[in-house]
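Subject: Structure handover

Hi,

Here is the structure I promised you. Please open it next to this email and follow along.

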Amino acid sequence: MIKFLDLEKVNNRYRKEIDERFKCILDKGWYLQGEENEKFSANFASYCGTKYCVGVANGLDALTLLIKAAGFGPGDEIIVPANTYIATILAVSANGCTPVLVEPDPDTLNIDVDKIEQKITSKTKAIMVVHLYGQAVQMQKVTQLAEKYNLKVFEDCAQAHGALYQSKRVGNLSDGGAFSFYPGKNLGCFGDGGAVTTNDKDLYEKIKALANYGSNVKYHNIYKGVNSRLDELQAAVVDVKLKHLDDDNNARRRISKFYRENITNDKIILPKVYSEDAHVWHIFAIRTENRDALQKYLADKGIQTLIHYPIPPHKQEAYSEWNNESYPISEKIHDTILSIPMSPVLTEDETDFVVKALNAF
């Protein structure tokens with residue numbers, strides 16, 4: 001079986017260093033809000049090019065806290081892509097805000113920046129872009145709209161650690177970026193974890209307090225906060241792996257290039273990129289009208305695939321108020337998309353086997 005993502009193989013490369021860091025943590029007996037978190041937060045902020053980083057419990061919390069710290073709530077609208085993972089939209093709803101869906105660009109699969117302005121109303125407070133599948137959104141038009149209408153811009157960077165737009169990394173292209181360190185991410189820990197990056201000192205200090213029960217001094221609570229902290233063990237894992245992130249992303253780019261140059265089956269639509277540096281290939285998503293048949297065919301050949309994502313947000317039971325709405329571009333993507341194996345540890349033989357299987361379909 002060629003796994004979609006062989007996490008054991010990915011993580012074993014760093015086992016010795018992670019073991020050493022874990023031993024230090026166990027010897028210190030300090031598991032939250034300690035040196036590992038401080039070290040990683042400083043290193044990740046530096047990597048992203050931002051002034052600040054706050055480690056939190058997971059990617060959804062990162063998104064939710066970003067909106068909460070900005071002061072948005074009931075009656076406020078936040079624009080989001082219609083084909084995103086549900087977490088983006090849940091974060092908006094969790095703050096009592098109204099998600100406003102915008103169709104994606106069928107080529108990049110990111111939010112169609114030319115369709116955002118028509119969804120802006122007097123209630124719009126922010127645009128939440130998602131660097132979906134690892135490709136940075138082309139932010140120039142988004143930034144211009146934000147300036148024109150006095151809006152905040154947030155980034156959902158959960159799938160795009162290290163991606164670049166005009167020489168700046170995601171997480172440093174807006175008022176604040178939210179990251180997930182779920183194990184399968186390009187930068188993944190050994191459980192749940194997340195972070196918020198920003199250059200706004202006030203936003204940073206508020207998120208840091210909100211994530212710690214609304215407190216910046218023990219037992220003094222200035223906000224109605226939550227418990228959302230990146231623990232020392234997870235901080236150590238992602239700090240170790242951060243040093244190798246660019247190399248891993250470049251390995252993903254090489255595999256992507258091989259796929260794009262050698263998959264020639266005209267029944268398969270390949271992903272498009274506007275810049276090689278802009279994409280870190282968290283997911284290599286192909287599309288075909290015969291998705292279910294292709295997935296079974298590949299499984300029979302020992303190739304594991306996944307669907308990111310089978311049901312669009314507006315068709316989810318949780319958002320039944322949208323079930324009668326139509327977003328045909330998103331629906332088409334969700335009905336035809338299939339994610340094939342992609343990771344920095346895939347071998348040439350494995351990628352060659354995947355390509356030959358796809359071309360023979």
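Start with glutamine 33, which sits in the loop between α2 (15–28) and α3. Helices (H or I, at least four residues) and strands (E, at least two) are DSSP runs, numbered from the N terminus. The model is predicted, so local features need pLDDT of at least 70 and side-chain atom pairs count only at pLDDT 80 or more, while totals for chains, interfaces and linings use all residues. Residues are numbered from 1 along each chain as its sequence is written, and side-chain values use heavy atoms, with hydrogens and water left out.

**Backbone points**

Glutamine 33 has a phi near 55°, a positive value in a residue other than glycine. Its relative accessible area is 36%, so glutamine 33 is partly exposed. The cut-offs are these: buried is under 20% relative accessible area, exposed is over 50%, and partly exposed is in between (1.4 Å probe, protein chains only).

Asparagine 150 also has a positive phi near 55° and is not a glycine. Look for asparagine 150 in the loop between α6 and β5. Asparagine 150 counts as exposed because its relative accessibility is 68%.

Where is the cis peptide bond? It joins histidine 308 and tyrosine 309, with omega about 15°. Tyrosine 309 belongs to the loop between α10 and α11 (328–336).

**Nonpolar cores**

In soluble globular proteins, nonpolar side chains tend to be buried together. A nonpolar core here is a set of buried Ala, Val, Leu, Ile, Met, Phe, Trp, Tyr and Cys residues joined through side-chain atoms within 4.5 Å. The largest one has 45 residues. Phe40, Phe44, Ile116, Val142 and Phe181 have the most contacts inside it. Two or more residues of this core come from each of α3 (35–48), β3, β4, α6 (140–149) and α8 (232–242). A second, separate core has 32 residues, including Val56, Phe72, Ala126 and Leu210.

Now zoom in on valine 142. Contact means heavy atoms within 4.5 Å. Setting aside neighbours within four places in sequence, valine 142 touches Val113, Ile116, Ile127, Val129, Val137 and Val153.

**Helix α8**

How many of the residues of α8 are buried? The count is 10 of the 11, so α8 is largely enclosed by the rest of the structure. Among these buried residues are Glu232, Asp239 and Lys241, along with Val237, Val238 and Val240. The buried residues of α8 pack against α1 (7–12), α2, α3 and α9 (245–262).

**Helix α5 and its partner α4**

Helix α5 covers residues 86–94, and its buried residues are Ile86, Ala87, Thr88, Ile89, Ala91 and Val92. They pack against α4 (59–69), β2 (77–81), β3 (98–102), β4 (124–130) and β5 (152–156). Just after α5, glycine 96 takes a positive phi of about 80°.

Two packed helices are described by the angle between their axes and the distance between the axes. Axes are lines fitted to C-alpha atoms, for helices over the stretch in contact, and angles run from 0 to 180 degrees between N-to-C directions. For α4 and α5, the angle is about 40° and the axes are 8 Å apart. The two helices are therefore oblique to each other. Angles under 35 degrees count as roughly parallel, over 145 as roughly antiparallel, 65 to 115 as roughly perpendicular and the rest as oblique.

Leu60, Leu63, Thr64 and Ile67 in α4 meet Ala87, Thr88, Leu90, Ala91, Val92 and Ala94 in α5. This contact has 8 nonpolar, 2 polar and no charged residues. Ala, Val, Leu, Ile, Met, Phe, Trp, Tyr, Cys and Pro count as nonpolar, Asp, Glu, Lys and Arg as charged, and the others, Gly among them, as polar.

**Helices α10 and α12**

The axes of α10 (residues 291–300) and α12 (residues 348–360) come within 11 Å and cross at roughly 135°. That makes α10 oblique to α12. Leu294, Tyr297 and Leu298 in α10 meet Ala357, Leu358 and Ala360 in α12. The contact has 6 nonpolar residues, no polar and no charged.

**One last residue**

Valine 54 lies in strand β1 (residues 52–56). Is valine 54 buried or exposed? Valine 54 is buried, with a relative accessible area of 7%.

Best wishes
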